[in-house]
Structures are given as structure tokens and as C-alpha cells.
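Please consult the sequence and the structure alongside the text.

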Amino acid sequence: MIKRQLPLLIAFAMGVIFIIQFFIPHQISQDLLTWVNKWLMIIGGISLLLGIYSLLNFHYLQIFRNKPGWGFSLIMFFSFLISVVVGFTPSLINVILPLPESSVQSAEQVKEWYRITGLKDGSSLDWIFRHGITPLSATMFSIIGFFIASAAFRAFRARSLEATLLLLAAVFIMLGQTPLGGMLWSGIPDIMTWILSTPNTAAKRAILFGIAMGSISFSLKIIFGIERAYLGGKN
Amino acid sequence: MPESITTMQIIETWLAVGFTLMIYTFLYKDNPIFKLGEYIYVGLTAGYAVCYAWFTVIWPDLIYPLYRALTVSFHIKQWEKPLESHENLWLIIPLVLGILMLTRFSSKFNWLSRYTLAFIMGSVSGMSIPLVVSANIFKQMVPTLNPFWGPEVTIFQTINTCLILVGVIAVLIYFFFSVEHKGAVNKVARLGIFYMMVSFGAAFGYTVMARESLVIGRVTKLIKWASPDYYYATIILLFIIIGLVVLTELFSSRGERTE
């Protein structure tokens, strides 16, 4: 009961409360929504530790068991520590050398001070983000640009009517977005706009209807306890 | 060095060029230099995520308001500013639920995390139903059912409205599996496929362009950083990284031969 039925009861209660909440335009109802949204963010923030633990544990085992590539795991640990130490050091300094009382006007100000200590423009963590994470992530995503070109070559072969339509739509969209398209023929940008606003809209809208139906039915299954896979385990 | 570029900017540039070229070595093949960049990326991002969660959620929305609420409730400390509406003892609920989530580490107590999961799934399901009905069904249905004709409606708009209505119905019929796709139903479903192919083509075209623009962005920066202002960062690091890739290749092939 306490392991299986109670969680299902909580899911049911929360689901029903928030369906009803949507139809009550009262301040208490709005506050409840705001609070619970914030609570969900807090739970998400704490749950991040699960992912971090899992990552660190995996790499710790790689190093401990001398598995092939353990040196890279060590590099990962080192980079992780750099980010964490650099991120938290200003706050630790702030705790050791707190703001003068006179400058602490309100809870909001204190909150803002702590919020910006680690992430504000020009902070050491921001430096890592701008000059470490940004070039790495931009390059990592841009690398797909090279592979998508060969993927496009394979996908855009006009072997059937469907493939031809796919090819034509993609060509018009790609040409319409570049100055070359307009230079070749002034009608290309207009065709691109028409493709996006008419056949694309129709297909997307129908797919959205389908997603909405699926989402509603899945949500109802969770609320009524039919879908229980998220609980995991047998007991 | 021009006056506008500081030593710090030079260091930053060399770092960015190094990271960019390390990742681009993947274009040759998966190699240790790429892996080095990849693992640095994972480590820095994971550490940044921890700091981000702390500075944007855990401290300002949980620990600090809860600390203030607790000190006031138990008369431990008086604050100049009175408590704000969100600073209350109810914050113990997300704290407890968050801690319960961490019991997933334990094989004995991991069932406790079900309370948190149930809270999250129940709340999100309840919130999403009315929102999905409103945003994905009603708001999408209204422009689908535009008038075909009227004082301000042009013939072009009429044709487009008809095409959208027909397209929506055709695609919906394609996904309607309760009826066998034969005869007229099959023809309409096939029309739905044509609409979807155009849509997928548009999406693919957009994706290709977005990725290519990222490549152009990186390459433009590399070209900029190859200038004397940045001490030929791109050129020098390109040679160093190519040299390192060749060296690692030589070592790995020698290792294979020895085995």
C-alpha cells in the first residue's frame, strides 16, 4: 500500500487538483500554480545530483578499474572540478567576507547578489562558459553540418513521387533562405513562404492534433493509475 | 598587437581555436584529440550545470527563503525586511521531495523516490491537459476553419484555406488506423503522405541550413583568428593538432602491430 498505492493516490490527487485549478481564476488558485511550478523546478535542481552522481561514478569506476581510456575520465573529472571550483569560489569568498549590512536592503537584493555572484557577466564561471563551453558546443553542433550534407544527398534522391516532393520542398526552403535563391529567380522566396504557410502548416497542424490527443490520453492514464511504468520496480 | 586586443583576449582566442580544432578532428575519424575535447566539454558542462542549478534555483528559491522563514517562525532572528509571500515553511515540501528523489541511490529505500515521481507526474499531467486542449487543439482549430469567402478574402487566400483544410483532414486520416486504408480512404491517406513529405522536406531544409550556418560561423571565426592580430592562432594550432593526430595514429598503429 505505502510503496505502490500511495504514490498512485498522490498522482491522482495532484492531477485532479491541477485540472480543476485551470478553471478557477482566483488568486489562491494562481498562487498554487506558481508555487508548484517553482517546487517542480526545485525538485529538478536537486534531482540534477542524480545525473551528476551517475556521471562521476561511471568515470570513477573507469579510472579505478584502469579501463581503456581512463585518462579521458580523469580529464573529465578535472574539467568538472574546474567549473565547480570556479563557480563556487566567489560565493565562498562572499560568505567569508559578507556584504556590509548597510548594502543589504532587502531579501530580493540579497537573492540577486547570490544569483549573480557565480553567473554574472564577467564572472569567472561566465568566462568558462564563453571561452570553454561555447566554442566546444558550437563546434560539436556544427560538425553535424558536414554529415548532414551527405545525409541530404542520400535523402534527396527523386526515386518516387514522395521523395521528389521532399526534395523540392527542401530545395526551395534552402534556396529561399539564401541570397542566391532570390538572384536565380525572384519567385523562389515567395514559393518558400507559400510552402511554409500552406502545405507545411496543414501537415504540422494535423500532427499537432495527433500529439495533443496522445498527450491527453497519456496524462489521463497517469492520473487514473493505468500507466505506472514511471514508478519502476515490481513492488 | 592592436590596442583593442588585450592579452586576455589572445589567451581566450587560442583556447577557443584549440577547442574548435580538437572537435573538428572528428572529421578525419574518432581519435584521442577529439576525445580529449569531448571529455573536457562534458566535464565543464556538468560542473556548469551544478553551479547554474545552485545559483538560479537551489539557493535563491529554496535555501535562502526557507532559512528566512525558519528563523522568523522560530524567533531565532529578526530581519529588516518582512517575509515575502514565497518565503514560507511550505518550501519544506519540495526539499523533502527532492531528498526523497535521491533515495534512488539506495536499493533498500529507492521506493521512496516514487512519491516524488508521482508528485511530478501527477502535477505535470494535470497542468498539461487543459493547456494542450487550449493551445494544441482549440487554437489550432480556429485558423483551420477560416471562412472561404468574404469581403476581404482574396481568391488566393480562399485556395490556401481550402488546401490547409484538405491537408489537415488528409493527414489526420493517414493517422486514423481504426479504418482499413483501402479505396477512397487510401487515396486521401496518400494525399496526407504528400503533405507530410512537403513538411518534412521543409523541416529538413531548415535543419540543413541551420547546421551549415553553424559551420559557416565557426569557419568565419577561425579565419578571423588566423590573422596576425591573434598571432596566427588558427594556423599554428592547426599544425600542432594535425601533428598530434598523426602522432597518436602512429602510436596506435605501432601498438596494434606489437599485439
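## Basis of the description

Axes are lines fitted to C-alpha atoms, for helices over the stretch in contact, and angles between N-to-C directions run from 0 to 180 degrees. Helices (H or I, at least four residues) and strands (E, at least two) are DSSP runs numbered from the N terminus.

The model is predicted, so that local features need pLDDT of at least 70 and side-chain atom pairs count only at pLDDT 80 or more, whereas totals for chains, interfaces and linings use all residues. Residues are numbered from 1 along each chain as its sequence is written, while chains are lettered from A and ligands numbered from 1 in the order in which they are written.

## The interface between chains A and B

In total, 108 residues of chain A are in contact with 102 residues of chain B (contact requires C-beta atoms, placed from the backbone, to lie within 7 Å). Among the elements of chain A that give two or more residues to this side are helix 2 (27-64), helix 3 (70-96) and helix 5 (124-155). Helix 5 of chain A gives the most, with 21 residues.

By class, the side of chain A that touches chain B has 77 nonpolar, 24 polar and 7 charged residues. Here Ala, Val, Leu, Ile, Met, Phe, Trp, Tyr, Cys and Pro count as nonpolar, Asp, Glu, Lys and Arg as charged, and the others, Gly among them, as polar.

## Helix 9 of chain A and its partners

Helix 9 (residues 199-223) of chain A packs against helix 6 (residues 183-224) of chain B at an angle of about 105 degrees, with the axes 8 Å apart. These two helices are therefore roughly perpendicular to each other (65 to 115 degrees; under 35 is roughly parallel, over 145 roughly antiparallel and the rest oblique). The residues of the contact include P199(A), A202(A) and A203(A) on helix 9 of chain A, and Y195(B) and M196(B) on helix 6 of chain B.

With helix 5 (residues 155-174) of chain B, helix 9 of chain A packs at about 40 degrees, the axes being 8 Å apart. This pair is therefore oblique. The contact involves, among others, I207(A) and F209(A) of helix 9 of chain A and L163(B) and G167(B) of helix 5 of chain B; its residues divide into 11 nonpolar, 2 polar and 1 charged.

## Helix 1 of chain A with helix 4 of chain B

Helix 1 of chain A and helix 4 (residues 113-144) of chain B pack at about 25 degrees, with their axes 7 Å apart. That angle makes the two helices roughly parallel. Their contact has 19 nonpolar, 5 polar and 1 charged residues.

## Helix 2 of chain B

Helix 2 (residues 32-73) of chain B bends by about 55 degrees at I58(B), and the proline P60(B) follows within four residues (the bend is the angle between axes fitted to the seven residues ending at a residue and the seven starting there). After helix 2 of chain B comes H75(B), whose phi is positive, near 55 degrees.

Methods:
Two residues are in contact if their C-beta atoms, placed from the backbone, lie within 7 Å.
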